[in-house]
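Biologist: I would like to discuss the aromatic rings in a protein. Could you please bring up the sequence and the structure?

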Amino acid sequence: MNVYDSEVLKGILSQKGYSIASKPEEASLIIVNTCSVREHAETRAIGRLNELSRYKLENPDVKLAVIGCMAQRLGERFLKEVPALDLVLGTEELFKLPDYLEKKGKNPTVALSFSELRKFDSLPQRKNKFSSFVAISRGCENFCSYCIVPYVRGPEKNRKVSEIIREVQCLTESGCKEVILIGQNVNSYKDNGCDFADLLKEVSKTNIQRIRFMTSHPKDLSQKLINAMSDLEKVCEHLHLPLQSGSDKILEKMNRKYNSSDYLRLVDSVRNKVEDLSLTTDLIVGFPGEKEEDFQKTLQMVQRIEFDSAFMFKYSPREGTQAFLFEDDVPNGVKLERLQTLIELQKKNAQKKNKNLIGKTEEVLIDGKSKRDKASWKGKGRRNKTVIIPKGENDISLLGEIIKVKITSADSFTLFGGIEKDKCSDKNLINM
Ligand code: 5AD
Ligand code: SF4
């Protein structure tokens with residue numbers, strides 16, 4: 001969501017005549033968009049802002065802004081952490097940044113209102129991207145006990161179907177091939193009797209070629225949505241379904257509203273309907289009260305389900321959340337050990353899953369050159385896995401193409417393969 005907000009703000013600023021500076025010393029305006037989900041992210045943001053403050057000290061005309069969740073959470077308090085700040089704009093006020101810049105005055109601006117939500121429909125379109133985020137909702141009201149999001153992003157607000165379709169159409173016209181529909185919990189989307197499964201159907205009718213979505217809360221994953229995933233060809237075979245913990249006791253304390261059996265049933269239903277589904281998840285270790293036996297239950301679930309990949313986190317107490325009131329009783333060393341054990345297990349599972357794809361064909365949307373090897377193209381398969389393809393003898397640009405790739409090798413994070421000559425989606429590529 002932060003990446004999306006940054007893209008939208010970039011669009012708003014470019015309409016006002018701003019362009020991106022190639023380095024901070026050339027910038028007249030420096031903006032840091034922030035995350036509050038874990039303390040580590042906040043510590044890094046403060047460090048980065050204080051480091052960037054020197055450009056303002058060198059040139060007092062430079063403006064320094066902090067936006068997003070952490071700005072929303074700290075408000076005025078941010079000015080104590082980073083005295084050079086000119087603007088502190090919360091998660092909804094950030095879209096009005098150009099208006100605040102025009103305001104004269106010496107004092108820094110702090111704006112945190114939720115009521116002035118800029119209408120989604122006036123957001124400028126983003127160009128030249130082959131894969132684009134499209135927010136279908138903002139905010140969250142699930143109040144998982146560890147999570148700061150409902151406090152910094154406010155209650156859930158759903159965007160109109162017609163506006164979402166309009167944005168998808170605009171993106172398609174500018175060359176976009178894939179949209180990623182995002183929301184804190186896309187499964188609870190509602191607009192005038194239209195739910196998320198209906199929305200997927202509508203988006204499928206546009207000229208967009210691939211559709212992804214995230215994040216899904218297990219408590220709202222309906223059979224209707226599972227059916228839509230299986231019926232709609234454009235919807236990719238990937239589901240991000242955060243489990244958080246394998247222990248029912250911890251899930252209850254987390255206020256997740258499902259237990260491990262519910263989760264397993266869902267996994268079975270989706271895997272039965274969606275062939276070769278890639279299933280990914282989020283997991284937290286060291287939540288208050290997590291005993292060794294609870295952690296073992298998480299390991300058992302991970303072993304049994306075999307996720308394709310997982311984001312794994314050490315619990316980080318967040319002031320203002322319900323869990324902040326619980327005693328953070330798992331020592332940091334134990335949290336780290338558990339995290340390491342979990343990462344090792346997940347890595348082994350991911351490697352096994354990826355190796356199973358050797359010899360199979362993935363449909364890959366090429367989005368650039370490989371960072372590791374500049375001579376190779378990289379892209380995402382339908383199952384959200386990164387695929388690396390060595391550049392052929394022919395130096396044709398594959399950027400933005402959707403091509404069929406035969407997987408020849410794999411590690412825990414990446415697939416490697418070559419273009420299937422007879423299966424290129426674009427006639428120009430057949431000579432490769
Ligand atoms: N500590 C650790 N991880 C957290 N997450 C959210 N809040 C916290 C926290 N306080 C994780 C959850 C969520 C992901 C986006 O971040 O796993 O799904
Ligand atoms: Fe946070 Fe839970 Fe909402 Fe996700 S569903 S944003 S974890 S409160």
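Biologist: Which lysine lies over the face of phenylalanine 114?

Modeller: In this predicted model, that residue is lysine 157, at 5.6 Å from the ring centre.

Biologist: Let us turn to ring pairs. How many aromatic pairs does a search of the whole structure find?

Modeller: The search finds seven aromatic pairs. One of them joins tyrosine 146 and phenylalanine 287: the planes of the rings stand at 85° with the centres 6.4 Å apart, so this pair is edge-to-face.

Biologist: Where do tyrosine 146 and phenylalanine 287 lie?

Modeller: Tyrosine 146 is in the loop between strand S6 (137-138) and helix H6 (149-153), and phenylalanine 287 is in the loop between strand S13 (278-285) and helix H12 (292-305), so the pair ties together parts that are 141 residues apart in sequence.

Biologist: Is tyrosine 146 buried or exposed?

Modeller: Tyrosine 146 is buried, and phenylalanine 287 is buried as well. Phenylalanine 287 also forms an edge-to-face aromatic pair with phenylalanine 326, with 6.2 Å from centre to centre and 80° between the planes. Phenylalanine 326 is in the loop between strand S14 (309-314) and helix H13 (332-355), and this pair links parts of the chain 39 residues apart.

Biologist: Why does phenylalanine 326 count as partly exposed?

Modeller: Phenylalanine 326 counts as partly exposed because its relative accessibility is 27%, whereas phenylalanine 287 counts as buried at 0%.

Biologist: Which residues do ring pairs link into a cluster?

Modeller: The cluster consists of Tyr146, Phe287, Tyr315 and Phe326, linked by ring pairs.

Terms used:
Residues are numbered from 1 along each chain as its sequence is written. Chains are lettered from A and ligands numbered from 1 in the order in which they are written. This is a predicted model: local features need pLDDT of at least 70, side-chain atom pairs count only at pLDDT 80 or more; totals for chains, interfaces and linings use all residues. Side-chain values use heavy atoms; hydrogens and water are left out. Rings of Phe, Tyr and Trp (its six-membered ring) pair if their centres lie within 6.5 Å; planes under 30 degrees apart count as stacked, over 60 as edge-to-face and the rest as tilted. Helices (H or I, at least four residues) and strands (E, at least two) are DSSP runs, numbered from the N terminus. Buried means under 20% relative accessible area, exposed over 50%, partly exposed in between (1.4 Å probe, protein chains only). A charge sits over a ring if NZ of Lys or CZ of Arg is within 6 Å of the ring centre and within 35 degrees of the ring normal.
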